Amino acid sequence: MRIIVCIKQVPDTTEVAIDEEKGVLRREGVDSRMNPYDLYALETALRIKEQIGAEVIVLSMGPKQAEDVIKQAYYMGADSGYLLSDRKFAGADTLATAYTLALGVKKIGDFDLIITGMQTTDGDTAQVGPAVAEFLNLPHISYVKEIQKVAEDQLIVKTDMQDAIETQKVVLPALITVAKEIYQPRLISYKLKLRAKDRNICVWSYSDLVEVKGLLNDETEFFGLTGSPTQVERIFAPTRNSTKEIWEDQPDVLAEKAISKLKELKIL
Amino acid sequence: MYKITKTDLEYLEQIVGKEFVFAGDEVNPDYTHDEIYGMEDFPGCIVFPTSAEEISAIMKYASSNKIPVTVRGSGTGLCGGCVPIYGGILLVTTRMNRVLEIDEDNLTATVEPGVILLSFQEELERFGLFYAPDPGEKSATIGGNVMTNAGGMRAVKYGVTRDHVLGLEAVLATGEIISVGGKIHKNSSGYSLLDLFIGSEGTLGVVTKITVKLLPLPKKTATLLVPFPSLKAAISTVSLILKSRVLPNALEFMEREIIEAAETYLGKPFPDKSAPAYLLVRFDGNTKEELEQDCDHVADICLAAGAIDAYIASDKEQQQLLWDARGAFLEALKAMSELDEVDIVVPKTEIASLVSYTKDLQQEYGVRILSFGHAGDGNVHIYILKDDFEEEKWQALLPKVMQKLYQKGEELQGQVSGEHGIGYLKKPYLKESLGDTLIDLQQRIKEAFDPHLILNPGKVVS
């Protein structure tokens, strides 16, 4: 089995500075890391590899320094890695990102399964995984929380529908996005690091990807900022609210009060 | 055993307020013991004062009426130190929980004794600072922390609590309020009463203010989890690491059995439990590159010493998972079985002998003995588990095992307690370990501070 795992380098902080003028996040000078949800995706692939044997390929789009997350994937057990990197890819929205990744997948060629994290911690849209599948005309399942059965030609998975758990069977090739309940991601292995630190990372640019453009159904190009239909109107950090009320009363009265307050705040 | 009278209670109520004095049936049994099994006593009453002046009035009254006074913080001790064995007044500091000052110019903080360690650290983090002592029990009060001189996990790099306390305000047995040390980082002015108070377990005075040293908070940490084919292999690697001129901020050893207990207790999977023993090594620093270098360096040493692999955690959540498990070991063991503990400290080079001796004892007595601890500073926490032993057999066996462990500690040039203190339960072992001359000196110090022996009577050397 050949599994492609899509991973992304994200800022290693929850308080990213914002460029209000351009409507993008300021990523300069901030340490970066692998998107935490992608660790679950990679772990899922590695477990399948351990269970039935598979080649695990990681794919990322980003600037040159995104090679770091591909290396990290190597140190966890991935076999090969591809980075889609070109100035023309910059500023991509979810559609353009998915389009570029889908071309990357096409150029890699043969595969049975694509796994992505359910979302990223910087964009939080959860759209890229399913959109990649749509560009590739693949069946896809989101929020997978458990792999019940894995075979060469099909998967049976449980997905979290928030108010229900759904068990689904999907015939491969397919794409799944995984939730963090799936497995505890492993740590970097120093032994693998020693073995893989000089392993090649294949970097593809715009000219490499346009070659395979014809393999997708869509004729339109969606590269980078210019190929992104999404227009960011305004970007801002949500305000913090720290108002506090202190109530004193009998426990049952307090419980009633707490419930009605939570309802009023639309939390319940 | 002192019997609290109605007059006593009326007086105490006058000082701290009626709603902060509890006596008779109102005494919550939670206040009759600490975190160790099998030792409890009811106080005559519990008081919750809020100031040095209130405590001074209490002490003056207690002194003239010879009423025993036992001070207690969160009650997370492990040797019965805060159990009021002679009744009298149990003085609880938890209402004195204000951080009075964070002085960014002198890099000091002044706090009341009832401040909880975890909330103190969280507050300091907002200033980009930290207080280096790091006992596993984060719900402990800083007062208890200072009174036992508990060092915790970061001692290997930063030293113990004593190294970070600069000044104290305390109320003496007579009720006089005194100050020792201050916001000063050097002091050669007479005998160090400050150092006498630190680790005195409430037997010399009641601490009411603590000034501690603060350090700039390192921007980043990275943790190595290193699996070994045996506990012996893991522990013998410690000295190789320390010898190699790197300075981790924590260096802990642990066995699979304890990791599994912590997993069950926390309901969270640990990243790896395929090996029988592990070292957990943490570095702090300011850049990713610096930490990566340290990790790789130690990983190389470990692999050369026979480690199965070395796993690197640099993400915050991954590290949290590892250290949360480490922090939950004691609670996890307690959830598994009744137990007793030994907190011996030996020279770093002798840890391997001490731990491998616990395995011999386990064989010899057929009792489960698990240990984990601060491999980097020589302080080993050894737990003897009761499991399914009948009470009578357990009571017969436990003292023998303890005796042997302390003998071994002595033989390895160690001391009875690394950080949990003596309290009540370790008194006999301290006596044997220190000998008559030193015990006598300590008793005379105790009498100089507390001539009527009313402060935490029956503890440490009294």
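This is a predicted model: local features need pLDDT of at least 70, side-chain atom pairs count only at pLDDT 80 or more; totals for chains, interfaces and linings use all residues.
**View 1. The open sheet of chain A.** Nine strands line up here in the order β11-β10-β9-β12-β8-β1-β6-β7-β14, with mixed pairing. At the edges stand β11 (165-171) and β14 (202-204) of chain A; each has a single partner strand, so one side of each is left without a neighbour in the sheet. From one strand to the next, the twist averages 35 degrees.

**View 2. A strand pair within the sheet.** Here you can follow β9 (residues 140-150) and β10 (residues 154-160) of chain A, which pair in the antiparallel sense over five bridges. A handy landmark is Ile147(A), which stands opposite Val157(A) in β10(A).

**View 3. Two helices and the sheet of chain A.** Helix α1 (residues 36-52) of chain A packs on the sheet, where it touches β1 (2-6), β6 (55-61), β8 (113-117), β9 and β12 (174-178) of chain A. The direction of α1 makes about 145 degrees with that of β8(A). Helix α3 (residues 94-108) of chain A lies across β1, β6, β7 (80-84), β8 and β14 of chain A, and runs at about 145 degrees to β6(A).

**View 4. Where domains 1 and 2 of chain B meet.** Chain B is divided into domain 1 (6-92), domain 2 (99-216), domain 3 (220-329) and domain 4 (337-411). The C-alpha centres of domains 1 and 2 of chain B lie 22 Å apart, and their contact takes 15 residues from domain 1 and 20 residues from domain 2. On the domain 1 side, α2 (52-65) and β3 (69-72) of chain B are the elements that give two or more residues. The largest share of that side, seven residues, comes from α2(B). By class, the domain 1 side has six nonpolar, eight polar and one charged residues.

How values were computed: Residues are numbered from 1 along each chain as its sequence is written. Chains are lettered from A and ligands numbered from 1 in the order in which they are written. Two strands pair if DSSP finds at least two bridges between them. Helices (H or I, at least four residues) and strands (E, at least two) are DSSP runs, numbered from the N terminus. Axes are lines fitted to C-alpha atoms, for helices over the stretch in contact, and angles run from 0 to 180 degrees between N-to-C directions. Two residues are in contact if their C-beta atoms, placed from the backbone, lie within 7 Å. Domain bounds come from an automatic or database domain assignment. Ala, Val, Leu, Ile, Met, Phe, Trp, Tyr, Cys and Pro count as nonpolar, Asp, Glu, Lys and Arg as charged, and the others, Gly among them, as polar.
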